[in-house]
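Please keep the sequence and the 3D view open while you read my notes.

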Amino acid sequence: MQEGALRARPRSTESPQQQRDDRTPAESPRTDPHHDWYLRAGVRSAPRRVLTDELAAGQLFFPPALVPYLDHPLVRALPADRRDELLARHLFQYLSFTAHFETRVVNRATDSIAGGRSGIGASAAVRLDAYRIYCDEGYHSLYSFDVVDQVSRASGIAVLPYDFTPFLRRLDAIGEQALPDAPALAQLLQVVVFETLITAILNDVPRDGRVLTVVRDIVRDHAKDEGWHHVFFSRFFRELWAQQDSEQRERIARCVPDLIRASLLPDLRPVRTALSSAGLVAGKVEEVVRDAYAQRRVDDGIRAASRHSVRLFQETGVVDAPGAHDAFAAAGLLP
C-alpha cells in the first residue's frame, strides 16, 4: 500500500490488475483466482531484495517526478547532496508509511474478516483469501522496513522520526463520527477505500531505470500482490453493501467520501521535517509546502487517484443513496 502523502500524486496511472473469476478451487483449479498464491505471492516466492553498490554509480533513491516539491526554486537552489537527502527521505517516508499502514490498518480489518469477526457473512474461501492477504501485508511491511534500513546504513542518511498515529487518528475519527456504533464496519470501509485507490508509485517506480534496483524490485513485488488485493476488496465490498439495511447504507454512503479524502490528503508533517533537515528555514519551508501542495493540485490528485474507488461506489449504488451524491460532490470526487 501507498501513504496518504504520496498517493495524491500530480501524475497517476492505474496499478497492474489481474483478471480473476469467481469459481472455487473445487469447481476448477485451473481457473481458481488464488490457487497459485502459494507459488506466486511475494512472501512465498520472491527473494529478499538487497541493495548492491549502485549508490556509487549515482542511481537515484526515488523518481524526482513523484516528489512534488523537488523542482521548487528554493529546493533547486540547495546543494546537490541536500537534494539527494530529500529524495532518500521521501523514499523513507513512503516505505515507513507502508510498513505502518499495512499492519495497523489493512491487517486490522483483514484479521477480522479472516477470523470471522467482521460482522459480514463470509465464506471459508473468502476467509482463506483474507488470511493470504494478511500474510502479504505483513511481508510488505517487513521488506519496506528492511530497505529503509539497508539504504540508510549504506548512504549514511539518517531516517527521521516518523509518527503514523496522527494519520490513523484522522482516519478513525471519520468512522467514529459516521458509524459510532459500528467500529468494525468503519475499519472495513477504510481498507476497501485504500485497496481500491490507484497510485503512480506502484506503476512508475519499477519503470524508472535511474532508481535503485532494490527500490524498483520491492515496488514491483508490491504491485503484483496489490493487483489481486484490489479485486478481492472490490468483491468484498459488494457483499458488505448487499448485507446492509437502508439506514446503514445511508450512513456508509455519507462516510465514504470523507474516508477517501482523508486517505489521500498529503501528510505534510514529514515533508516539513525533511525540508528543515535539508537546511531551509521555517518561512522557506512553508513557502515550498504552500506552492507544492496547492489546494487545486491536491484536489486534482485526489480525484485522479480515487476514480476506481468512486466507480466501485457508483456501480454498487452507494452514490445513489440519500445525500450521497452531494457528499461525493462536496468532497470533489465527481467530475
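1. A word on the source to begin with. This is a predicted model, in which local features need pLDDT of at least 70 and side-chain atom pairs count only at pLDDT 80 or more, while totals for chains, interfaces and linings use all residues. Residues are numbered from 1 along each chain as its sequence is written, and side-chain values use heavy atoms, with hydrogens and water left out.

2. What secondary structure does the protein have? There are 16 helices and zero strands. Helices (H or I, at least four residues) and strands (E, at least two) are DSSP runs, numbered from the N terminus.

3. Next, the inside and the surface. Of the protein's 335 residues, 55% count as buried; buried means under 20% relative accessible area, exposed over 50%, and partly exposed in between (1.4 Å probe, protein chains only). The protein exposes about 14500 Å², with 51% of that supplied by carbon and sulfur atoms. Those areas come from the Shrake-Rupley method with a 1.4 Å probe, and for residues only the protein chains shown count as cover.

4. Contacts tell you about the fold too. Among contacts between residues at least 6 apart in sequence, 81% join residues at least 24 apart. Contact means heavy atoms within 4.5 Å.

5. Now look at a helix pair. Helix H5 (residues 80-114) and helix H7 (residues 165-178) pack at an angle of about 35°, and their axes are 11 Å apart. The axes are lines fitted to C-alpha atoms, for helices over the stretch in contact, and angles run from 0 to 180 degrees between N-to-C directions. The crossing of H5 and H7 is right-handed: a crossing is left-handed if the near helix is turned anticlockwise from the far one by less than a right angle, and right-handed if clockwise.

6. Which residues of H5 and H7 meet? On the H5 side they are Phe97, Phe101, Arg104, Val105 and Arg108, and on the H7 side Thr165, Phe167, Leu168, Leu171 and Asp172. The residues of this contact divide into six nonpolar, one polar and three charged. Here Ala, Val, Leu, Ile, Met, Phe, Trp, Tyr, Cys and Pro count as nonpolar, Asp, Glu, Lys and Arg as charged, and the others, Gly among them, as polar.

7. Helix H6 (residues 124-155) holds serine 152. The 32 residues of H6 should span 46 Å at 1.5 Å a residue, and its end C-alpha atoms are 47 Å apart, which agrees. The expected span is 1.5 Å times one less than the number of residues. Just after H6, glycine 156 takes a positive phi of about 80°.

8. Is serine 152 buried or exposed? Its relative accessibility is 14%, so serine 152 counts as buried. Leaving aside residues up to four places away in sequence, serine 152 touches Phe92, Ile157, Ala158 and Val159.

9. Helix H8 (residues 183-196) is worth a look as well. Eleven of the 14 residues of H8 are buried, so this helix is largely enclosed by the rest of the structure. Among them are Leu185, Gln190, Phe194 and Glu195. In the loop between H8 and helix H9 (200-204) you will find threonine 199.

10. Isoleucine 218 lies in H10 and is buried, with a relative accessible area of 2%. Isoleucine 218 touches Arg49, Leu95, Tyr143 and Val147, not counting residues up to four places away in sequence. Alanine 242 is also found in H10, but alanine 242 counts as exposed, at 54% relative accessibility.
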